[in-house]
Amino acid sequence: MIPIELLDPFVMLAGAAVGGGLFLLGLALYGVPARPPRPAPRRDRGALLRALSTRTAVAVIVGVLVLVVTGWPVLAAGAVLLVLAWRGLAGGAAEERAAMRRLEALAAWTESLRDTIAGAAGLEQAIPASVRAAAPTLRPHLRALVDRLHTRVPLPDALREFADELDDPSADLVVAALILNARLRGPGLREVLGALAASAREELDVRRKVEAERRSTRRSVQIVVVVALLFAALLILFNPAYVSEYDSLLGQAVLVVVAGLFGAGFAWMRRLARFDKPLRLLAAPAVRSGDD
């Protein structure tokens, strides 16, 4: 007869295969919601590279320390991945706060543009005049818009590029009204801008309430992660005999499954706390690559 100890790895592999099959079956039955293509965010490459270099260095140091203390390569690799993904673990809190600041600045700029147009100024004169009173979040984009107008770019095209730079659904509503007025030159722009500014203020209030509710979810994610890591560290340091089974190859395989379950749980909690930006009105159509 085959010793039962030799069958353990095959049992683990069979269990993993069954779990993977059930996961794929769930995907086949319910599917994955399609996400619309979005333009890549424009970020400072130098700052991004510096942040990635610092984070990578910290992750490598943490991984080496974990490997020296425990001798478990799986746990060391998990520590490296956790450090690299720590900023995104709590969801899109930073993106949501930035979106709210941009929305507040957009509402203030819309009101300023409405008041400037009230002085019988056209859009070509009102937009440059509104740059000085704009919030710092919008000022670089408004200056780029004014520069395009100075280089004889048509106002509708310049406004569409301005909307692409902001990449915000609320900004698309304001820019769409400006584009329609620039093409048709009809009356009532002042009233439309006033209504859009009021709508932006109401949306800002709703986002603040939602952000306050999501903050508790993000805090729960952080508490769960810290408690799980603290509990594992205490077991390793003060009761090494309890976790000595993970020193073997089979123990490392089991640890891969355990770490995968924890990672899936953390990813699901991050998905619950993430801020999903709604669809844009003036989004550019996706560029199809391949056959030309």
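A crossing of two helices is left-handed if the near helix is turned anticlockwise from the far one by less than a right angle, and right-handed if clockwise. Keep that in mind for the pair I will show.

First, the model. This is a predicted model, where local features need pLDDT of at least 70, side-chain atom pairs count only at pLDDT 80 or more, and totals for chains, interfaces and linings use all residues. Residues are numbered from 1 along each chain as its sequence is written, and side-chain values use heavy atoms, with hydrogens and water left out.

The protein chain has 10 helices and 0 strands; helices are DSSP runs of H or I with at least four residues, strands runs of E with at least two, numbered from the N terminus. Of its 292 residues, 28% count as buried, meaning under 20% relative accessible area with a 1.4 Å probe, protein chains only.

Now the pair. Helix α6 covers residues 139–150 and helix α7 residues 155–166; their axes come within 9 Å and cross at roughly 160 degrees. Axes are lines fitted to C-alpha atoms over the stretch in contact, and angles run from 0 to 180 degrees between N-to-C directions. The two helices are therefore roughly antiparallel, the term for angles over 145 degrees. Their crossing is right-handed.

Which residues of α6 meet α7? They are H141, L142, A144, L145, R148 and L149, facing L155, A158, L159, E161, F162, E165 and L166 in α7. By class, this contact has 9 nonpolar, 1 polar and 3 charged residues. Contact here means heavy atoms within 4.5 Å. Ala, Val, Leu, Ile, Met, Phe, Trp, Tyr, Cys and Pro count as nonpolar, Asp, Glu, Lys and Arg as charged, and the others, Gly among them, as polar.

Terms used
Parallel < 35°, antiparallel > 145°, perpendicular 65-115°, else oblique. Buried < 20%, exposed > 50% of the residue type's maximum accessible area, 1.4 Å probe, protein only.
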